[in-house]
Amino acid sequence: MCGRTACSLGAELLRRACAYRDRRGRQRQPEWVREERYRPSYNKGPQSSSPVLLSRKHLQQDADSSERVLMDMRWGLVPSWFKENDPSKMQFKTSNCRSDTMLSKFSYKGPLLKGKRCVVLADGFYEWQQCGGGKQPYFIYFPQSKDDQAEGEDGDKERKGWRLLTMAGIFDCWEPPAGGEALYTYTIITVDASKDLSFIHHMPAILDGEEAIRKWLDFAEVPTQEAVKLIQPTENIVFHPVSTFVNSVRNDTPECLAPIELGAKKEVKATASSKMMLGWLKNSQEASPKKKENELPRWTSQFIHSPSPKKSSADILQQWLGKEGEPAAKKRKV
């Protein structure tokens, strides 16, 4: 499962990190919706808010479905049909949605068939491995490149910086029965863990690359049957052990994701790698007077192998897709 993430970039840097090309090939940056609600954090848990990408067409019916917006949503899906006035009264957890049941559980199937697909953004996520003396936390993220900028075709500079982890999610909009402001919430889809992460059993469904992100978000052009084929484990990730300091969600500093040496005391080490990561993360905040976005961490993953293979959920998805067709509501309006 995925129960803790980090997203430390300030609002403007996050927007730049999500640059994309629209249907006409134009370089774009998604606009923020309710930007003032976004709060960067090194330690986000369920019920907190996180930034997500979604198609503008969900908010504006006449918009091009390839256009994207950034929005801060609460982690833990509250289905639109929930009848209580207090969403905290839900009797089940919805922070994660397993891929092999997302098309059978009504809480997820409903919004998924309506095209309510989003991309959850993070620096990376945390997972814990059961050890003899307790649980060892790890920080898991995309491999990083040194390149911090590249010239666009029309002369614009595209931000490369830290490559954000892009996780497939489903969102919904709940309106209190007694009236009040609508609440946007999301769940992270999980899949069987890749070989190198087999000790965590399930991992987020990671969308690796711009084409995968485009297909997942563009619900008017890419039907559900095609989109769910993107939900697969990925091997393109790296990770390192971190201090148990991250165990408490109240701890929200760069030390949460600083690498440590296993076998030593579980405390932050002042190694060259630690200093590089801490320096980059601190400088990435908009409030910092210094912004060195090219100071990117370079780590060697400490891979952990498990002899017990697990059954993939791909067959279950394909079986469902063979039974149900795409509803008319999923087709693009003209």
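This is a predicted model: local features need pLDDT of at least 70, side-chain atom pairs count only at pLDDT 80 or more; totals for chains, interfaces and linings use all residues.

Trainee: How many salt bridges does the structure hold?

Mentor: The structure holds 16 salt bridges, and one of them joins the side chains of Glu181 and Arg37, with N to O at 2.5 Å. This pair links distant parts of the chain, 144 residues apart, since Glu181 sits in the loop between strand 14 and strand 15 while Arg37 sits in the loop between strand 4 and strand 5.

Trainee: And what does Lys116 form a salt bridge with?

Mentor: Lys116 pairs with Asp172, and their closest N and O atoms are 2.9 Å apart. Here too distant parts of the chain are linked, with Lys116 in the loop between helix 2 and strand 9 and Asp172 in strand 14, 56 residues apart.

Trainee: What about Glu211 and Arg214, how far apart are they in helix 3?

Mentor: They are 3 residues apart in helix 3, so about one helical turn separates them, and they form a salt bridge whose closest N and O atoms are 2.7 Å apart.

Trainee: Switching to the surface, which residues form the nonpolar patch?

Mentor: Trp81, Phe92 and Phe106 form that patch, with about 330 Å² of accessible area together. Phe106 lies in helix 2, and Phe106 counts as exposed because its relative accessible area is 57%, which is over 50%.

Methods:
Residues are numbered from 1 along each chain as its sequence is written. Side-chain values use heavy atoms; hydrogens and water are left out. Patches are made of residues with over 30% relative accessible area and no salt bridge: like charges are joined within 9 Å, nonpolar side chains (Val, Leu, Ile, Met, Phe, Trp, Tyr) within 5 Å. Accessible areas come from the Shrake-Rupley method with a 1.4 Å probe; for residues, only the protein chains shown count as cover. A salt bridge is a side-chain nitrogen of Lys or Arg within 4 Å of a carboxyl oxygen of Asp or Glu. Helices (H or I, at least four residues) and strands (E, at least two) are DSSP runs, numbered from the N terminus. Buried means under 20% relative accessible area, exposed over 50%, partly exposed in between (1.4 Å probe, protein chains only).
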